[in-house]
Amino acid sequence: GSKRNILLGMFNEVSRAFFKLGSEMPLSPLDPDTFYDWALLRFQRKNIFLDRTAFRHLYDEADGETRFIQQVCHDLFRKGKDASVIEYSIMEEEINQLISKKSYIAQLFNKYTVPQQNALKIIVSCNGSEIYGKEILEEYSITKTSLQSAMKALLKENTLFKEDGVYIFEDVEFKLWIKKEIKKG
């Protein structure tokens, strides 16, 4: 989740109390179909149907982060009415409403340098593809060297981490806020 590096530091940094008292055990995201089946059963208790496509959209947007998915589902469940259907557009609206409530995110984004802001936008817009391509660099008016330097700083600050060659946001809500800002233009 969003406190991954803090937890890792507790066990891997010499200066911390739990140094070498545990070992890392990676936890993959829950299987989306299993997670959907679980959520669907909960919604059905209130006679609400959760569309599989809508749930998959939430799952993909949240990179499988259980906490965020449960938060969105909880809000939808609380608002849901008997015999209602949660479809894609309702899910998208709920995600956007939740992200809009996070007013601190704009301040967080503004603390970064312009090259770092561009690097964050590139990671969101490239969705795992090559970030150092000529077209991307031109679109964001950044040099390869500046982008590499920005990426190094973002990794060091734990804003991003790299897993299997893909850059991942430590905070999925931050990623979704940036995505929303890019769409606004």
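A residue is termed buried when its relative accessible area is under 20%. In this predicted model, that criterion picks out Pro32, Phe35, Tyr36, Ala39, Leu40 and Phe43 in helix H2.

**Helix H2 (32-44)**

- The 13 residues of H2 should span 18 Å at 1.5 Å a residue, and the separation of its end C-alpha atoms, 18 Å, agrees with this.
- Viewed down the axis of H2, its buried residues fall within an arc of 135°, so they line one face of the helix.
- Strand E1 (49-50), helix H3 (52-61), helix H4 (66-79) and strand E2 (85-86) are the elements against which the buried residues of H2 pack.

**Helix H4 (66-79)**

**Helix H10 (172-184)**

- H10 consists of 13 residues and extends 19 Å from its first C-alpha to its last, close to the 18 Å expected at 1.5 Å a residue.
- Its buried residues include Val172, Glu173, Phe174, Lys175, Leu176, Trp177 and Ile178.
- The cover over the buried residues of H10 includes H3, H4 and H5, together with helix H6 (104-110), helix H7 (114-126) and strand E4 (166-169).

**Glu61 in helix H3**

- Glu61 belongs to helix H3 and counts as buried because its relative accessibility is 11%, under the 20% limit.
- Apart from neighbours within four places in sequence, Glu61 is in contact with Ile95, Val172, Lys175, Leu176 and Lys179.
- Among these contacts of Glu61, Val172, Lys175 and Leu176 are themselves buried residues of H10.

**Nonpolar surface patch**

- Phe11, Phe18 and Leu21 together make a nonpolar surface patch of about 290 Å².
- Phe18 is situated in the loop between helix H1 (4-12) and helix H2.
- With a relative accessible area of 40%, Phe18 is partly exposed, since this class lies between the 20% limit for buried and the 50% limit for exposed residues.

Note on methods: Residues numbered from 1 in each chain as written. Predicted model: local features only at pLDDT ≥ 70, side-chain atom pairs only at ≥ 80, totals over all residues. Heavy atoms only, no water. Patch = residues over 30% accessible without salt bridge, like charges linked within 9 Å, V, L, I, M, F, W, Y side chains within 5 Å. Areas by Shrake-Rupley, 256 points an atom, 1.4 Å probe, with all protein chains shown as cover. Salt bridge = Lys/Arg side-chain N within 4 Å of Asp/Glu carboxyl O. Helix = DSSP H or I, 4+ residues; strand = E, 2+ residues; numbered from the N terminus. Buried < 20%, exposed > 50% of the residue type's maximum accessible area, 1.4 Å probe, protein only. Expected span 1.5 Å × (residues − 1). Arc of directions from axis to C-beta. Contact = heavy atoms within 4.5 Å.
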